[in-house]
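Here are a few exercises to get you started, each with a worked solution. Keep the 3D view open and try each task before reading on.

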Amino acid sequence: MCSNSNKAHPRPVYCQLSSSPFFRSVKAFAGEEMPPMVGTCPTASLHQKWYPVWKANKYFFRGKLCPNEVSLKNQLGLPAKYKQPFVVMLPPPNITGSLHLGHALTVSLQDTLVRWQGMLGRDVLWVPGCDHAGIATQVVLEKHLMQTTGKNRHQLGQEEFLRAAWEWKDSKESCIYDQLQKLGVALDWDCSVFTMSKDMSHSVVQAFIMLHDRGLIYRKPRPVNYCPALQSVISDIEVDHWKVTGPTETVIPGHDEPVMFGQMFDVAYPLVFPDGSTPSSGEHIVVSTTRPETIPADTAIMVHPQDHRYKHLIGKKAQIPCRPDRSIPIIADAAVDPAIGTGAVKVTPGLSAVDYAVGQRHHLPVMSNILRDGTLDSSVPSLQGLPRLSARGAMLSLLEERGLLRAVRPHAQTVPRCSRTGDVVETLVQKQWFVRVREMAERSCRAVENGDLLIDPPSQRNVWTTWMKQTQHEDWCISRQIWWGHRVPMYRIRHAADTEPLKGAGPLADDDGEVWLAAESETQALDKAAEMLGRSAELLRAEQDPDVLDTWFSSALFPFASLGWPWQSARLSRYYPTSVLVTGQDILFFWVARMVMLGTELTGQLPFKRVQLHGLICDSKGVKMSKSRGNVIDPMILIDSEYRAAASKSSHNTDPLYSHSSQNKSSTELSSQDPSSPAKSSPKQAEDKKSDHPTNVASNTTGLDLPFVGPDVLRMALLSTSLFSDHVQFGPKELDSFSKLPNKMWQSVKFLRMSCDRIKCRELLPLHKLTQDLGVMERWLLHHTGSLVSTADGALRSCNTALLITAFTTLWKSVLCDVFLEAVKPCIDVHSSLEVPDCAVESLKGPEMQYGDAVTSMSVMAHCMTTALLCIAPVMPHLAEELYHCMPTVAGSPKKPSIFAEAYPQHAMWHQWEDISVARQVDAWLEVVAAARSLKAAHGAAQKRASGVLYSECPHLTAAQRGTELSSVACHLAQLSAIEIIYGKNPEGCVQASLVTPAGENSVLHLNIPGVDVEQQAARLEKRLAKLARQLSVAKKYEWSNTEKINKLSNELQHTQRLKESLQELILRQRRPTS
């Protein structure tokens, strides 16, 4: 504690600056003259003022800001780990559309960490980039080209389509980077990476070849997710699971009529004798299925081994309906649920992953009647060429004609659908390229279990372990049948004169004996083939696989490939592995897990030491944002005035360049309706939407109904949420909480400057010269500032930005503005009226003058404001930078060219100012002020001056030390003419109110309020009590949803009851005859 200490306090230690051109060029902003402060906070112009300065002068090369790292470490007492660089990779946004709130949340958190670490003096590197997003980009671009040219990609041709794709990339990448800059992020733009750049392509090819040469990549027929509309394999994250509870029609791409889902069909399969004939009795087995159109590809009928209904049929055969030339066995397997349908199911290994596993166990053949374009083959001639789902009705008609369709019933089911096209995803068994992940998954699992890789929040660690153990049995399919992406660097070797592939054996051949080689080019492939096969390269030719790699494959290499891998450069050795990865929980497995697996396999190191996951951004009701729900908020509408003005002219644009909002590597939920149409809302949902967004849907999908707040407020609002829950709720209330904060901060600094002008103070005093002059309120403010510094340090270490923001707003609004500013105004008024020469402050000191008190207050206020700005600068950089340069000058401590050249406040520099006794004493008096204000307001005398008597046994209120100063402050804040403190006496004849001090001891405040009609006030309180009782009764009927409201009403009811009783006692005393 420092309340009675005369020890001089050291001034804060700042980073030493280099002679970088940046510091010379910002003289216009950081010169001797403070910038003017006129009117309200210019939120809209702060970004335009500061970001170009930061960027043009290479501000984001952190090493140039604080070169004397060792000196800084010694001065601040920082751990040795701060000598290491702090490296972060931006999760590269897809080039499919503009940024959304999920991106804004991620980059705001990353930027906060980056700026904080830079202010600690570390060498910081934050690498930006964009992802080519193969399938997503191809789908959006093809829609755009269809709208603008009337041609699809096949009509354009591959060469022309790829040329258009690169033009699209340039446009969208520029747009995304521009939007990131508008958020104020401190990315190192000289290091930006595109996942299909020349260097990245080289890294991808080398990674593939290494993995293939190690036997970790192979080609084999296996079940895959296949989208007929794309005619390509897709990843699990691109599969949405659409749940229907009964018969539901929806539109499916490639089908002229809506398709019905949510039905189960019972189909009779005639039994056959071993010779292939059918019993004359017509004996059959009835099978339940939701996919009758796939019956021609069945290879077995499956029943449960303990199902007594079918035990006698196990081992027999049945004829496939519509295919009398084929019969299939009836097998027993525990995978069947006897309670569903008839208890007998058809097995189609070529069209179901579950059936494929059954087929492997029972050695069943793999067949499929669905072609790559989604139509049926010639197995049933009358159905050939029909879209598979449209053929369902034709198949049912055939079955019904033959008397084999026995029943149709409603059935709840989950339909897999492609998030990119809306088509139904088929499981097809195809030859694809796969990565063996078993060993890599085991290593990744151990890394978390051993603590080598830290995943936060901790709840996600068990999720990680469970998934990694499951994925050990599911190899990763990495090939896609699209045009936009990295070509698979595999070459099939043929004889130069033959059309058939070269057949071989051993490690060079796949299951069909075809020879494939991994190579960087066709020439290298031929040279390798000639060497391995012992033949001349002239006798061979190589054909590259036309498929491209899964986007996640190149994304998984991003942490090290973006730093120059596989070349062993100084940059790679300096900045790899990276420090922390910040991203959403929804891509923990699709991206994070694959980065860890490939990073450890290819570099021998984990790609990062820590993974910080945040939840999925949702509206204020906890519902995921989507355009169909009308609850999407476009962040650019809130922070870019020009963008907002353009959007307001047209709230809807059909060009996918603007209207497509793609979640970066994130799945999209589907409602039980057609995902291409808006979801219907219940009356309750409509009311909820109305309360959150009071304008129409077109406005709601952009955020035009919300106020313009600027990047700093948006960042603060996002980072104040519960980031690490599964769903991050965000809406108007979160924005409203901070929309007025910038102007409050602006006006506070303006008050400080005006006060300095009024008392003719040209330079404020450093803290170490103020130790003996500090009053109780100054010590109280310093104590709370020290608490903020302590909280800020711990909050940023744990990425708990909400804790930092709460501590900052409490200090600035509740401590500084609500109390300290008001408390020092009388002192400013008195001293500004004195005739004081405009000279140095030191000459004005003296026992006969109190002018120094005002200077002391302003000096302390300036130091605490500056420290608070330093603490919050990583969160709201533009406003902090502006206000930092607007602050009055402190003697002997010139401003740095940028607030980010200052050292981040450390607890070691501020713990000396922590004084619990001062805090408790001031807080106790603030309880008195609050009680007086409440009591005056309750009797309709808020603006009237009153005198008071305080009965208390609390030492914080009755102590002589600082008592006079604090009672004067309390009188000013509560508008009391005087207040008397009495120990152990309870005077009569005045209004009473009870309060509890922070020490827990009861105190009673008595006020004499002139002109109050106590009987009239008693009647008013009686009415108020009746109203509160009615409201409480209604709230208790819905207690499950009104707990907070019930508590609030109960407390107000008790308070009002005490006021009423106090008035009634006063009335009785006034009516009692005097003796």
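Predicted model: local features only at pLDDT ≥ 70, side-chain atom pairs only at ≥ 80, totals over all residues.

**Exercise 1.** In which sense do strand 10 and strand 13 pair, and over how many bridges?

Residues are numbered from 1 along each chain as its sequence is written, and side-chain values use heavy atoms, with hydrogens and water left out.

*Solution.* 
- Step 1: Helices (H or I, at least four residues) and strands (E, at least two) are DSSP runs numbered from the N terminus, and two strands pair if DSSP finds at least two bridges between them.
- Step 2: find strand 13 at residues 317-320; its pairing with strand 10 is antiparallel, over two bridges. Here Leu-271 sits opposite Ala-318.
- Step 3: check strand 10 against strand 11 (residues 284-289), where six bridges join an antiparallel pair. Phe-265 faces Thr-289 there.
- Step 4: look at burial. Nine of the 10 residues of strand 10 are buried (buried is under 20% relative accessible area, exposed over 50%, partly exposed in between, with a 1.4 Å probe and protein chains only).

**Exercise 2.** Which residues of helix 12 are buried, and which exposed residues does the face turned away from them carry?

*Solution.* 
- Step 1: go to residues 391-401; the buried ones are Ala-391, Arg-392, Met-395, Leu-396, Leu-398 and Leu-399.
- Step 2: these cover an arc of only 160° around the axis, so they lie on the same side of helix 12 (the arc is that of the directions from the helix axis to the C-beta atoms).
- Step 3: ask what does the covering. Strand 9 (259-261), strand 10 (263-272) and strand 16 (405-410) are included in what covers the buried residues of helix 12.
- Step 4: after helix 12 comes Gly-403, with a positive phi near 70°.

**Exercise 3.** At what angle do helix 14 and helix 19 pack?

*Solution.* 
- Step 1: pick out helix 14 (residues 459-471) and helix 19 (residues 588-603); they pack at about 75°, with axes 12 Å apart. Axes are lines fitted to C-alpha atoms, for helices over the stretch in contact, and angles run from 0 to 180 degrees between N-to-C directions.
- Step 2: this makes helix 14 roughly perpendicular to helix 19 (65 to 115 degrees counts as roughly perpendicular, under 35 as roughly parallel, over 145 as roughly antiparallel and the rest as oblique).
- Step 3: find the contact, meaning heavy atoms within 4.5 Å. Among the residues making it are Trp-464 and Trp-467 of helix 14 and Phe-589 of helix 19.
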